[in-house]
Amino acid sequence: MRTLTILSLAFFTTLIPISTSTSLDTLSSTESLTDNRTLVSAGEVFEFGFFRPGSTGWYLGIWYKKISFKTVVWVANRDTPLPNSSATLKFGEHGSLILLDPSGNMSWSSNKTGAVNPVLQILDSGNLVVREESEDDPEKFLWQSFDYPGDTLLPGMKLGWDLNSSFDRYLSSWKTTSDPSTGDYTFKLDYRGFPEIFLRNKQGVQYRSGPWNGNRFSGVPEMAPMSGIQFSFVDNDDEVYYTFSISDNSVLTRLMVGPSGDLDRFIWIESIQSWNRFWYAPKDQCDDYKECGPYGVCDSNASPVCECLKGFEPRDPNAWSLRDGSGGCVRKTRLECRTDKFWTAKNVKLPESTTAFIDRNMSTEECRKMCAENCSCKAYANADIHNGGTGCVTWSGELIDIRNYAAGGQVLYVRLAASELVSDHQPPMCENESQKTNKKRAE
């Protein structure tokens with residue numbers, strides 16, 4: 001078992017007034033929910049009911065209760081809109097929830113829970129749950145909306161995999177800001193190799209977080225614990241997932257993927273009654289996936305942004321001179337295996353790691369030795385940056401989607417021919433002309 005713990009501008013708003021009717025937070029097995037009733041969580045944080053975001057139809061969803069404009073965080077029937085609000089939600093056989101359209105046809109349903117006396121409840125966390133009437137233990141919920149995310153990740157939700165059931169929880173964008181149907185963008189964790197999260201447009205990767213290094217995602221150096229918000233990553237034999245939590249219940253925050261492919265974290269600012277865009281990605285050219293190709297390094301503070309790792313040169317010099325680094329770089333000197341050495345690249349986003357090998361129990365020296373003895377090993381790094389670095393990650397394929405940071409990132413040890421490391425004073429990357437000029441000015 002192994003557990004690691006630490007860490008768009010598109011969001012849906014519509015000026016439909018929130019219902020002022022009073023409501024309980026639960027629906028019993030003998031009751032039904034229609035358009036003249038909503039469920040409101042005990043602390044009046046979230047509200048559940050029917051809403052209409054635009055001209056696409058009516059939906060059943062969850063939104064913040066006390067925010068004056070409707071900020072929706074979950075939709076049940078996102079791909080099967082109702083023609084009007086004359087719909088009914090009730091319990092069906094075997095404890096399942098069923099949503100019936102005005103003609104009595106089923107528009108949406110949950111899975112069968114097997115509940116004898118089921119109760120539907122909206123919690124202050126924003127989680128909609130089905131439980132036995134006499135059971136309040138969260139570990140014994142029979143169904144929960146947190147297991148079926150839409151475009152929004154709330155505190156306490158898991159983004160990732162239940163490995164025992166191969167169940168995947170991921171975010172998927174709305175089609176437009178007024179159409180909740182499934183859009184083109186997903187934010188999904190890949191648990192293979194050294195796990196990381198990918199933002200995709202359909203099947204094409206747009207951005208990746210970088211793997212979790214025990215403190216943060218390698219590709220999010222600004223990620224750090226905040227007052228009232230804690231970030232976590234769990235990776236064990238049963239589950240692999242990212243989550244975050246809040247210690248201050250007055251903090252309203254959400255992570256979402258927007259219809260245009262923006263990944264954003266918003267925090268509600270009560271004094272100005274507005275959502276503040278606290279963090280977002282992709283944020284610059286170097287966040288674009290594989291911007292500088294294999295063995296290329298992207299640096300947003302350089303011009304051009306693409307460089308080659310030390311010991312490498314552009315594969316296509318002509319394209320490179322035209323600031324197209326997508327072809328990447330190739331080695332200057334052939335490896336010899338037994339005499340090869342390792343060059344230290346600091347403050348980088350680790351390469352794509354879905355095919356990497358990982359052993360969290362190795363020391364740094366054991367990792368270096370294993371990589372040195374394996375002629376196909378191209379680079380290695382620590383799996384966890386705490387306490388000077390522990391664990392081992394190695395790459396045998398091409399090193400892809402590396403970027404350089406002025407601060408943050410982590411250390412990557414890259415295999416080079418010994419002749420490329422004859423001096424300890426070699427520059428860490430291929431320098432472009434602007435960097436050389438800046439260095440001369442500094443001197």
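1. Starting with residues 282–318: the end C-alpha atoms of this span lie 28 Å apart, and the span is 5% helix and 24% strand. Helices (H or I, at least four residues) and strands (E, at least two) are DSSP runs, numbered from the N terminus. UniProt, in an unreviewed entry, lists these residues as "domain: EGF-like"; such positions are given in the numbering used here, with feature names shortened, and annotations may be inferred rather than shown by experiment.

2. A word on the basis: this is a predicted model, where local features need pLDDT of at least 70 and side-chain atom pairs count only at pLDDT 80 or more, while totals for chains, interfaces and linings use all residues. Residues are numbered from 1 along each chain as its sequence is written, and side-chain values use heavy atoms, with hydrogens and water left out.

3. On to the cysteines. The whole structure has six disulfides (pairs of cysteine sulfur atoms within 2.5 Å). With the bonded cysteines numbered in sequence order, the pairing reads 1-3, 2-4, 5-6, 7-10, 8-12, 9-11.

4. One of them joins C292 and C306, with sulfur atoms 2.0 Å apart. The torsion about their S-S bond is about -90°, so this disulfide is left-handed. The pair links distant parts of the chain, 14 residues apart: C292 sits in the loop between strand 25 (274–281) and strand 26 (296–298), C306 in strand 27 (residues 306–308). Both C292 and C306 are buried (under 20% relative accessible area; exposed is over 50%, partly exposed in between; 1.4 Å probe, protein chains only).

5. Strand 27 also holds C308, whose partner C329 is in strand 29 (residues 329–331), 21 residues apart. The S to S distance for C308 and C329 is 2.2 Å, and this link is left-handed too, with -90° about the S-S bond.

6. What is the handedness of the disulfide of C367 and C392? The torsion is about 65°, so that disulfide is right-handed. C367 is in helix 2 (residues 364–373) and C392 in strand 33 (residues 392–395). C367 counts as buried at 1% relative accessibility, C392 at 0%.

7. Then there's an open four-stranded sheet, order 4-5-6-7, with antiparallel pairing (two strands pair if DSSP finds at least two bridges between them). Strand 4 (39–40) and strand 7 (72–75) are at the edges with a single partner strand each, so one side of each has no neighbour in the sheet. Six bridges join strand 5 (residues 46–51) to strand 6 (residues 59–64), with G61 as the bridge partner of G49.
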